[in-house]
Structure formats: C-alpha cells, structure tokens
Amino acid sequence: MKFGKEFKQQKVPEWTDAYVDYNGLKRILHKVRQFRERQRPPTPMRISQQLSLYKPFSGLDVKSSPEETKNDVEDQVIAVETVQNDDSREVYNTNFLPSTNEGEESEVTFFEKLDEELNKVNTFYRDKVEEVIEEAASLNKQMNALIALRIKVKQPDIKKCHIQRKVSTDSSSTESSKSHSPNREDTLESRHVGSKFDVEGIDDAYRNGVNPDNNESDPLDVLDRVRINNTLESPMSTIRSVLNDSKDKDLRFKKEELKEAEGQLKVVFVEFYRKLHLLKQYSYVNLLAFSKILKKYEKIALRRAARSYMKTVDDSYIGSSDEVTLLLDRVESTFSKYFANSNRREGMKVLRPKRKREKHRVTFFSGFFSGCSIALLIAIILLIQARKVTTRKEHSMYIDNVFPLYSLYAYIILHMLMYAANIYFWKQCRINYSFIFGFNQGTELSYQDVFLFSTGLAVLTLGTFLVHVHMKVDSVNAVYSKYTELVPLGLLIVFVAIFLCPFNILYKSSRLFLMRSLFRCICAPLYKVQFADFFLADQLTSQVQAMRCLEFYICYYGMRWYTKEEKCHHLDFYNFFYIIMAVIPYWIRFLQCVRRLFEEKDWVHLVNGSRYFLTIVAVVVRTVFELKMKKSWKVLALVSSVAAILFNTYWDIAIDWGLLQRKSNNMFLRNKLAVSHKHVYFVVMVLDVVLRLAWLQLVLKFNIRALKGTVISALFSSLEIFRRGVWMFFRLENEHLNNVGKYRAFKSVPLPFSYYEEDENEKKDE
C-alpha cells in the first residue's frame, strides 16, 4: 500500500485538517518534476545510461567518496530559521539558498508550504498536550479523593492518623531513584503526575497501619473538601435539580457511592488513555509524512535537503516532546493497580480493547440468507396468485388481518437494511459514526453484521408467513384452524425473545445499547439527552405504522378477534389508542427538546420543540379524519399537514443537514462536504421534499386502482422509512463535520468528585 493511502487511513477523522497536507505537497512536487523533465537533455542521458552497462564490475564493497562527503556539506540548499512568537512558541521559516530561476519558484513554494504545515502540526500538538496535562492534574485530584474514599469505606471506624511522613518518604525515595532520568521526565512528573506517589503512599500506609508524626496533615482531610457531582444523569438527580436541591451532594461513605465513583473514574481513564494513544499516533504519522515527502523532494529535485530539515523537525515540539509517552505509562500503571487489582494484562484489555475482525462466515451467511429471502418471497407471490387469495371473498377478512400482523416485521427489517447501507457509506466517507453514537470501542456493528441480522430476520418472517398462508388456504382439517391463527403471535414471541436474550449471543452488547437508549427515550425528560437518544427517537417517528401494528396485535389476540368476523377499528378505545400510538414518538422528541432547552439555554431547541408539537397536532387531526372521513376534518387535516410538512422539510435540509447556506463556497450547500459529488445533495433535497409531500395522499385520498387502503398505507410507510434512512446519512455527516470543525474527537465524561475550593474560585471568577 502506498504511504498516501496508509496516511489517510491512520488519520483521526475529526482532526483531518490538523494533519500534514501530504497531497498538497505532492502536487507542488509534481510541478517541480515537470520543470526538471523539461530542462533535462533526453539524448545524452540515454547514451550515458547505455554506456554504464559496459563498465567493468567494481565489486560489492562500499567505498566512501571524499567528493560525496564534501558535497554533503557544501550542497545544502536550505537554511531553517527558528523565530520566537509573542507566546514564546517557535515558528519555523526556511530560506532557499540557491538563486531562484523561473522554474525553481515551485521549490520555494514547496518549502513555504512545508514550513506552514510544520508550524500547524506543532501548534495543534502543543495545544492538545497542554490539554491532556491539565486533565492529568485533574485526574490526580480525583484519584486522591477516590483512594481516600476507598479507605474510609473499607475501614469506617478508622480514626484520622497522620501519615504524611510515610508518603513523603516514599515520594523522596522514588524521586531519588529517578535522579539520573532526563530533565524533561523529572519536570513532567513533578509538575503534573507526582501525586500518584502520594496516592500509593496513602494506600500502603493505611494498609500497614502506619501512624507517623502528628504534626503532619492527614491525607484523608481531602474528604472534607470533596462532594459527589450530581451529573443529572439519573431521574432522581433530575428531580432534585427541578426542586432546587443542591447540585452536588456530600459524601455518605457508602459502598454504593464508592462503586459508582469507581465506575465513573474507570470510564474517564479509558477515554483519557484513548486520547493519549491517538495523540501519540498523530505525532508518529506526521513525522513519517515529513520524512516521506522530503525523500520525494530529493529524488525529484536532485538536491539534498532532507537531513537538515528533518533535524529541525526532530528538534521541534512534536518531534522531541515525550510528555504523552510518560503519561501513557502513568495511566497504564495506575489503572492496572487501582482498577484491575494490579493485573496489568486485565487492565490493558480494558484500556486497549481488540478491534473486531471481519469474519468470512458473516459474509457467507449474509449471502445465503439473502438468497433464501428472495426465494421465499417468490414462493409467497406464486402461492397467493395460484390460490387467488386476494380475489376470493372468503379470504378478504384474512387478508385484512394478516397484512398488519406481518407488515410489522417488514418495517423493522427495511429500517435495519437502511441502517446497514448507511454504515457502509459512512465508512466510505470516513464518518466516525461509532464515536458520534457513543459506542464502546470494539462493540460497534459493521454493515455486514447488520445486513446478516436483517436478512436472518427476513428469512424467519417470510418462512413463517409462507407456512401460515399454506395452512390457512390449503388446510382441510378445521381442527387446526384455531392454531393456525396463533402462528403470527409465535413469530412475535420469537422476535421479542431474540431482542431480550440475556445470553452473550446475537450481538448482545448492541442489543443492550439499543435497550438502554430506548428506555431513556421512554423516560424522557428524566434522563440527560444524548445524541443516540434523540437520534433513536427520530427513527421512531418513522415507525408510527409499526407501533400501530403492535396495537393491532394486542387487540387481535388480547380480545380474541381472530375467532370473530369483526374488525378492531369498530372499537372506540382501539381508535383512541390508535391516535396515541402515533403521537408517542413525537411527544418523546418534544420532551427531549424541552430538556435540552433547560440544560443548554439554546432557543433553537424551543423552535425544534414547537416543530414536533405542530407535527403532533397534524398527526392527531389527520388520524381523526382517517377514522371519521368528514369534510371539516379534511380541511383541518390538509392545513395542518401542509404546515407541518413545510416546517419539517426546511428543518431537515437547513438545520439537520446544514445545507442551503447563503455564504457557502459550494452554492446552496455548505463549505465542507463529505460526498465528493455535489449533485447528490441536490438530488436528496428534492427527494426529501417529494417524500414529505407523499404523506398528503393519506388526506387527499387519491384513487389508486388495484391497491387497497392497507396496502397504500404500508407503501407510504415504507417510503417514509426510506426517507428516514436517507436523512440518517446526511444528519450524521453534518454532525461529523461539526466535530471536525471543533477538533472534537473524544467523549466528554463527567468526573465523580468536585472540590469546594474549585467551586469557590469559579464563583469568584464569575
């Protein structure tokens, strides 16, 4: 693989703009090559190459040439200057020493671009290192509080003892053992990670029962200045904040409190380690990019500049800084000791989980299930046509009932197929969907996994439907007719069992993530709204018909309507819940917008909430018209539906997708695009408008021959799921590009403890 492709693959997607512009430098070198080829005499060079074939063999011994050594010193073509900025940071400027002819201007441009890239990566790397050093200092204070809390919980009757002498002795002995280490390491440890020794001293001293000089301060005094952060993540914390209760709560020294704090700090350490690892990788690939591009320059321009410039790169901050490496070692040792019982192997499994490998059996079974699904679908169509199920009157009631019973699974499978397609295109466009959704590293599903799961469910559904139709139409014995009607219920039970399966099979981690997000949606606004939560709620707004199918299941089997020749729509309470089921997803999104409005104080959430409220009104009026079919309700349904469609369409394109920007470099789009073909954006904008307007069919009731009302409803529900799948891709693309603009590549994880003095200082600063 060429380095350019490898370099692109190793980039952190959110930091793409902060990497060396390797392709830009290659384009400049291409101009240099073109000038060199024009200046190179073609015929004499070829003759010299041919004559070199007839020279006598000179052996394989390497002999140093004094001329080469002389030229290595004298033929330097650049001089790199280091200038100090106002903020005491170095800026590099390269002077091109040879007299610049007309064609050598490209070489001057190359080194100007090279300086610009070096200064850019240096600045970015230094800023990120300063951030992680501050985070390391904060983590040290958190660990001091955690160890003190752990000691207090495990030994609740312990009296305050003064062990600072033991701690200082351990610290001094450890520091003296490192007296011969580099100054950079000593400075870093003493400034930012020295409290780790204090933590070890506290833990060991209390374990051994040490009680030194009483004049020293007690490290357990830190518990007097610490409170538990109320992160508003749970329903109770949200209720307390609404009742004007204190945001933070005092320590109670309970095991549950310790367990919760350890769990939070464990997540913080994992995310912090991931950040350090990506920073180290960022430094490595950029240094390699400088080396590769300078070798290309020497090969093309026939000048020696790589050694002198790479010396400058190695002496720069990104080339000489080792803070990240030291912090990586500190995090590994601390995490292994305090969160893995000093088992380094187990600790590293958590800090650095293995990436999922593509399995050939997933690809094989995906193709196998796809073929089986197509074969079963053809068999169902042929059976229905052969038995004339849709035309016979005795089967009309059966068709009206069986269609909503099985269309539920069709909606779910179609949505999963759209999600699998989106994962594929997100990967192609380097959109970091796993980070945006908050998946744990190594647990995210690939598009092959989702496609396999959806095709497997399709085989199960189509096979059950084929058996059901065959038993209903061709069965002669009336004894089995009652059991025949229970086949769809059995299929539903199997689906629910797969979803709730407690065993570590069938992608358990992903199912648990979906359950957790679904539960948080149902409990809105008691839980803090994350991206995965409102994203899932938006998906549910396109599954209204599927939720109504669930209601039909309850009516059909709960009231035993399959034994009677009646319809559920004749019941008033069924029609009431028929409206409620359509409102629930939009109501969840409305409550999520209210929660985000009070948390973020951003009025855009108020506008977004009003959009969902308007949609609720339109859905209610449209459903009432569908049930009563009166002209007055038709006018109200038409007006409310048009208003909701226009509002939602504008929001989809302008807000969710970030398109239609006036001052964009790309007309009617936005400055940054993940898809290279611009016409794709215009196509999907038109498609979104058309599919939104298609819902007016449910109000206008155009006469479509050969299609019944249930079929028309299912068709437009499928089109809505397809529209949501298209929306899904561009919504995540816009979120990814927002992260890229802010270089946001890590999750914000709340810390468990807060210090009194920090809160007081913040209030003074305000």
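Predicted model: local features only at pLDDT ≥ 70, side-chain atom pairs only at ≥ 80, totals over all residues.
Welcome! Residues are numbered from 1 along each chain as its sequence is written, and side-chain values use heavy atoms, with hydrogens and water left out.

**The protein as a whole**

- The protein contains 30 helices and five strands; these are DSSP runs numbered from the N terminus, with helices being H or I of at least four residues and strands being E of at least two.
- Of the 766 residues in the protein, 46% are buried.
- The accessible surface amounts to about 42,800 Å², and carbon and sulfur atoms account for 57% of this surface; such areas come from the Shrake-Rupley method with a 1.4 Å probe, and for residues only the protein chains shown count as cover.
- Taking contacts between residues at least 6 apart in sequence, 76% join residues at least 24 apart, where contact means heavy atoms within 4.5 Å.

**Salt bridges**

- Side chains of opposite charge can pair when their charged atoms come close.
- The count comes to 27 salt bridges, each being a side-chain nitrogen of Lys or Arg within 4 Å of a carboxyl oxygen of Asp or Glu.
- Arg-595 and Glu-599 are separated by about one helical turn, because they sit four residues apart in helix H24.
- Arg-595 has 7% relative accessibility, so Arg-595 counts as buried.
- Another salt bridge brings together the side chains of Glu-600 and Arg-596, at 3.2 Å from N to O.
- Glu-600 and Arg-596 are also four residues apart in helix H24, so about one helical turn separates them.
- Glu-600 is partly exposed because its relative accessible area is 41%.
- One network, joined by salt bridges that share partners, takes in Asp-652, Asp-688, Arg-692, Glu-720 and Arg-723.
- Lys-113 and Asp-21 form a salt bridge whose closest N and O atoms are 3.2 Å apart.
- This pair links distant parts of the chain, with Lys-113 in helix H5 (residues 105–154) and Asp-21 in the loop between helix H1 (3–9) and H2, 92 residues apart.
- Lys-113 counts as buried because its relative accessibility is 19%, while Asp-21 is partly exposed with a relative accessible area of 27%.

**Patches on the surface**

- Patches are made of residues with over 30% relative accessible area and no salt bridge; like charges are joined within 9 Å, and nonpolar side chains (Val, Leu, Ile, Met, Phe, Trp, Tyr) within 5 Å.
- A patch of positive charge gathers Lys-2, Lys-5, Lys-26, Arg-33, Lys-292, Lys-295, Lys-296 and Lys-299 on the surface.
- For charges, Lys and Arg count as positive and Asp and Glu as negative, while His and the chain ends are not counted; the place of a charge is taken as NZ of Lys, CZ of Arg, CG of Asp or CD of Glu.
- Helix H2 (22–39) and helix H10 (255–301) each supply at least two residues of the positive patch, and the largest share, four residues, comes from H10.
- Lys-292 lies in helix H10 and counts as partly exposed because its relative accessibility is 34%.
- A nonpolar patch is formed by Met-559, Phe-573, Phe-576, Phe-577, Ile-580 and Ile-584, which together have about 540 Å² of accessible area.
- Phe-577 belongs to helix H24 (residues 572–600), and its 42% relative accessibility is why Phe-577 counts as partly exposed.

**A buried isoleucine**

- Ile-380 is part of helix H15 (residues 360–387) and counts as buried because its relative accessibility is 6%.
- Leaving aside residues up to four places away in sequence, Ile-380 touches Leu-462, Phe-465 and Leu-466.
- Ile-380 and Val-467 are 87 residues apart along the chain, and their C-alpha atoms are separated by 9.3 Å.

**Backbone details in loops**

- The peptide bond from Ala-524 to Pro-525 is cis, with omega near 10°, and Pro-525 sits in the loop between helix H21 (508–522) and helix H22 (531–541).
- Ser-342 is not a glycine, although its phi is positive at about 65°.
- Ser-342 lies in the loop between helix H13 (323–339) and helix H14 (344–351), and counts as exposed because its relative accessibility is 55%.
- Phe-668, a residue other than glycine, has a positive phi near 65° and is found in the loop between helix H26 (631–656) and helix H27 (679–693).

Technical notes:
Buried < 20%, exposed > 50% of the residue type's maximum accessible area, 1.4 Å probe, protein only.
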